[in-house]
Amino acid sequence: MKPVRVLSVASEVYPFVKTGGLADVVAALPRALAREGVAMRTLVPGYPAVIDALRDAEALHMYARLHGGPARLLAAHAAGLDLLVLDAPHLYSRPGNPYLGPDGEPWPDNAFRFAALSECAASIARGVVPGLAPDIVHAHDWQAGLAPALIHYGGGPRPGTVMTVHNLSFQGQFPRELLAVIGLPPHAYAIDGVEYHGTIGYLKAGIALADRITTVSPTYAAEIRTPEGGMGLDGLLRHRTDALTGILNGIDDTVWNPRTDAHLVHRFDVTHLDARAGNKAALQARLGLDVEPSTFLFGVVSRLTLQKGVDLLLEALPAVTGNGAQLAILGAGDKSLEDACIAAAGRHPGRIAAVIGYEEALAHLLQGSVDALLVPSRFEPCGLTQLCALRYGAVPVVARVGGLADTVIDADEEALAAGSATGIQFAPVSRGNLERAIDRAVTLHRDVALWRSLQSRAMSTDVGWTRPAKQFAALFRELAAHRDA
Ligand code: ADP
Ligand code: GLC
């Protein structure tokens, strides 16, 4: 079968630039899809971290002027990826967070920075580089949302387009006056085009104009069609129901493999769960927690934002300490939540620890150490940390929303009797329900055999990319065939 050629367009890619799970997914998809007969190239902005990682990059095309300066399209292999890089120093040659300036505010020219990315994708789709035109353009989140729109309004033969929503809460809205500057015709500013509450909505554009829409879990695909979960786009998403599917994310099970993980002090698998105790002791010592093997240890690995419900957890701390349990938090994000985590640790020395920062190695050790991973998100499109937790035998205690609802099987009576439980869910998301979930975890843990069975069932959950990649491949193939017909 002829491979389907897909151009994936994204603003982050692991290991070069990452603010969240988007980067992991963008990096994992090409490898998983290669096994399914899909040849995927990944177009990303030329941030310093990307440019620095390129060796033997080939310049495929020059743009004399792209939103304020000259730019080049580079091709290179890096980190196992077929990368296309938009080298536009006037837009991307800025260190640090890909979206925010040193003042913590979005870069004032983000409209142009990400319009340029989409314009580059659209030019590749039009065949600006001979031999590179894809069958499908796969756009991720608002930063790539204009790509389906530019391709749609560009006219002529064109590839199929797929818009993947990783998080509906970031929508990319910019002044309507930019319409012509970003390359859109006047008629694009319409309710069935890019217009969104008097602005140009980049994510809205992608959702309105892509041939297909995916999001990262079936439950989130349902939630975003409701007024409660739709963040203003539910009407459009209901209108596009036939084009929308939820495909669960996976994790890279070679990177997240407790048998081989170099970040663990003791490696383990489902038949050697005792080895986790050594990791737990190491983690407790490293974080200044009392080194107590039998104390229940909760963990958090998260962006510290309202989405993640960290504020609820801080309110629910008496449930942790009152049960004699400990808590290890690894996270970074909103300053006020970071400060609140540090303050909580200060109030409970030896019992609560907070590491503020982004630390890949510590995230692995934490997953391989804690008894339970807490994910009290208010909404969660998919969530990757609970998948890592399942794989590492850290029983996930999660809010029953989005992808958390789809990936964790609650230890209710029925699931316990059937031996199918993999974690604990609570709903609706509230302090009280979180406290009860914490109590339930501690109670279940007292039954050593039962907890072992939860852990082993969790560890046997399929969290890899094989199944999602098959779903994406089928979607791409169907769309490509449809367009050929
Ligand atoms: P989101 O993308 O909403 O932040 P996900 O759970 O999908 O949430 O993905 C988060 C990713 O970032 C996971 O790979 C997780 O392990 C990682 N991560 C989050 N915070 C940290 C941190 N402070 N240190 C290390 N890794 C982190
Ligand atoms: C977003 C979501 C998260 C999801 C990730 C990757 O950051 O918040 O739930 O797992 O994207 O799709």
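Predicted model: local features only at pLDDT ≥ 70, side-chain atom pairs only at ≥ 80, totals over all residues.
1. Who surrounds ligand 2? The shell has 14 residues. His166, Asn249, Glu380, Cys382 and Gly383 are the closest. Among secondary-structure elements, helix α1 (residues 21-34) is the biggest contributor, giving three residues.

2. An N or O atom in the side chain of histidine 166 sits 2.6 Å from an oxygen atom of the ligand. For asparagine 249, a polar side-chain atom is 2.8 Å from an oxygen atom of ligand 2. For asparagine 167, the corresponding distance is 3.3 Å. On its own, ligand 2 exposes 310 Å², and the protein buries 93% of that.

3. Both domains take part in the ligand 2 site. Domain 1 (4-250 + 466-484) and domain 2 (273-459) each supply at least three residues of the shell.

4. Turn to ligand 1. Its shell has 20 residues. Gly21, Arg303, Lys308, Gly357 and Leu384 are the closest. By class, five are nonpolar, eight polar and seven charged.

5. Which elements build the ligand 1 shell? At least two residues come from each of α1, β13 (297-304), β14 (326-333) and α13 (360-367). The largest share belongs to β13, with three residues.

6. The polar contacts of ligand 1 involve both backbone and side chain. A polar backbone atom of glycine 21 is 2.6 Å from an oxygen atom of ligand 1. In lysine 308, a side-chain N or O atom lies 2.8 Å from an oxygen atom of ligand 1. In aspartate 24, a polar side-chain atom lies 2.9 Å from an oxygen atom of ligand 1.

7. Where does ligand 1 lie relative to the domains? It lies between domain 1 (4-250 + 466-484) and domain 2 (273-459), because both give residues to its shell.

Terms used. Residues numbered from 1 in each chain as written. Chains lettered and ligands numbered in written order. Heavy atoms only, no water. Near = heavy atom within 4 Å. Polar contact = N/O pair within 3.5 Å; in protein donor to acceptor, adjacent residues only side chain to side chain. Areas by Shrake-Rupley, 256 points an atom, 1.4 Å probe, with all protein chains shown as cover. Helix = DSSP H or I, 4+ residues; strand = E, 2+ residues; numbered from the N terminus. Domains from an automatic or database assignment. Nonpolar A, V, L, I, M, F, W, Y, C, P; charged D, E, K, R; others polar.
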